[in-house]
Amino acid sequence: MSAFAGRLFGPDLPGAGVEATARWDNDGGLVLSHAGRELSAADLSIDAAGFNAARLRLSWQDEAGKHSFFLETEEARADCLAGAPAQHAVRLATAAGMRGRVERRFRLGWAALFLLLFLPVLALGAFFLAQDDLADWVVRRIPYEQEARLGDLALAQSRLQMQLAESGPAVEAIRAIGEPLTAGSPHRYRWFVADQPDLNAFAAPGGVVVVYAGLLRSADSAEEIAGVLAHEIAHAELRHSLKTMVKGMGLRALVAVALGDFSGTALAEAAKNLTELGFSRDAEREADRDGLRRLVAARIDPGGMVRFFEKLAREQSMAPPVLLSTHPATEERIAELRREVAALSGDWLPLAIDLAAARAALPAP
Amino acid sequence: MGMDVVDYEIFGSEMQYVEIELDPGEAAVGEAGVMMYMQDGVQMDTVFGDGSQQGGFFSKVIGAGKRLLTGEGLFTTIFHNEGKGKRRVAFAAPYPGKIVPVKLGEIGGTLICQKDAFLCAAKGVSLGIAFQKKLGVGLFGGEGFIMQKLDGDGMAFVHAGGTLMEKVLAPGETLRVDTGCIVAFQPTVDFDIQYVGKVKSAIFGGEGLYFATLCGPGRIWLQSLPLSRLANRIILSAPAAGGRSAEQGSLLGAGLLGGLLGSED
């Protein structure tokens, strides 16, 4: 049975203890030796003691007084455990448990502190990971009337920047093309034509669709306009602008909390950019697919959508249209659309829209 | 780890300094800024970490980081004797109190001390940190979560504020200590806290909510006046901070009357 080293304290020993070695005897006692002297111990009590309860203490009482033997190193502890008689097994395990408990609580305490300090940062990280689901969850709880009011707000802002026509042949043409695409919508759609030369259209929250005059002029057929409208209606139906806004607001609020900035500017900022929202590439792709589905459901030739996107891509090389700067109409997107359209077949109903009359009603550029 | 054996002498009574004699080739490690004087032939060398690590850059960085945690500098200064004969270097205590020489070999090689108690040591003594892992003790024990650990078997000098009390605790002997008064103890000593006992004394007794308890066996060192307590009193009685200035010289002036009527600090 191997001996193990430690530090022995006792009534007739130096106060700071002496180095000693110990070994188990046959009947559960301990035989200690230091400086050539031998000492035997019986009725041991075993616990974890010392700074941080990091040491194993074997203590006993004899005629002279109370003695303690401390195991200071891991090897000594291992040797002691290896040779320990079975009757001490429970107490040795309890002592090891005491030491482990101190250690565990300490780690737990630091982990809690760390968590508390870094909670906003962690929340930010979690938000980034789950922002789509979170935004969906929030957006589902926003009633459509509220969304319509946001649309009004966006409309009011647009009016400051451009002239919006609410009636006239052009608006009627847009309505006639767009209305069949909005089947089953909870929104009440409102259609506008802006007297802007750009090749652009946008959908504000709550069913506000604004088509720029430039787009009407450059479209060769009603199907092409239908394609653009289907895309914009898809944005509105999928509530993309709300989602983007919620994401942005949540992000800003979290950043404000993380940075400790509670001045409230974050929310004001978010409300300001209602019409200037860019959608993510995923949202664009989703709108492409949903738009295509709407076209097919309305029996409108989806080839117009592809043709118009190709036109946009061509225009891009000359002067970058605004529609493209927010809509990443990449070759990849067009290719994907073309592939999907090619897979579709059916007898499309021709759109009976007098585009020329609508164009003629537009104010001169 | 080769320890350098140093001879030393402590001078002064309440504001002490320790003079260490270095044989040729011997060295001592000092806390930054505590060196008082050194003789010709003693070279001063500032190293990253505590001068005991022999390892690579990384272990030095870790050592230095630990030193930063205990509130010390990133660098330690090593004073080594490059001369032919014996040379002396002295380290002065930074505030009133006593310098405690501890021979680490005699107490088993490790000493746990309060985090800014270290003054100087023979080269080869390693300065580490010992986290107080009992949460209650860390929060209420008066010494915080970070304590200093000196390892080695050479001489180390720590510093205590006020008067030093050195005591040996027998196995199982417990001493209740006001928080903040602990300077150092052997690692076999159980450092814990104990609730003061009565709500009334906890609130009005002025000793705080908890006592620190030290349970033997082992040697302990206590200080009668922690620096923070002294500093607190000085600030409180400083006229600039709203304290009373007790003028000397005028018997009938504000000094005497104020002294009679005013409360005694």
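I started with the cores. In the largest nonpolar core, which has 56 residues, the members touching the most others are Ala28(B), Cys113(B), Ala121(B), Ala156(B), Phe157(B), Val158(B) and Val183(B). For me a nonpolar core is a set of buried Ala, Val, Leu, Ile, Met, Phe, Trp, Tyr and Cys residues joined through C-beta atoms within 7 Å. Buried needs 20 or more other C-beta atoms within 10 Å of a residue's own, exposed 12 or fewer, and partly exposed falls in between, with C-beta atoms placed from the backbone. A second, separate core has 49 residues, including Phe202(A), Ala213(A), Leu216(A) and Leu229(A).

Ground rules: this is a predicted model, where local features need pLDDT of at least 70 and side-chain atom pairs count only at pLDDT 80 or more, while totals for chains, interfaces and linings use all residues. Residues are numbered from 1 along each chain as its sequence is written, with chains lettered from A and ligands numbered from 1 in the order in which they are written.

Next I looked up Val183(B). Beyond its neighbours within four places in sequence, Val183(B) contacts Val100(B), Cys113(B), Gln114(B), Ala117(B), Val158(B), Ala160(B), Trp221(B), Leu222(B) and Gln223(B). Contact here is C-beta atoms, placed from the backbone, within 7 Å.

Then chain B as a whole. I get five helices and 19 strands, taken as DSSP runs numbered from the N terminus (helices H or I, at least four residues; strands E, at least two). Of its 265 residues, 38% are buried. Among chain B contacts with a separation of 6 or more, 75% join residues 24 or more positions apart.

Which of its residues are buried? They are Ala76(A), Asp79(A) and Cys80(A). They sit on the same side of H1(A) because they cover an arc of only 100° around the axis, going by directions from the helix axis to the C-beta atoms. Glu74(A), Glu75(A) and Ala82(A) are exposed on the other side. E1, E6 and E7 of chain A are among what covers the buried residues.

Last, confidence. Chain B has a mean pLDDT of 81, and 81% of its residues reach 70 or more; pLDDT is the predictor's confidence in each residue, from 0 to 100. Over residues 248-259 of chain B, pLDDT stays under 50, and the model has nine contacts beyond four places in sequence for them. I noted ipTM 0.77 and pTM 0.65.

Key: Two residues are in contact if their C-beta atoms, placed from the backbone, lie within 7 Å.
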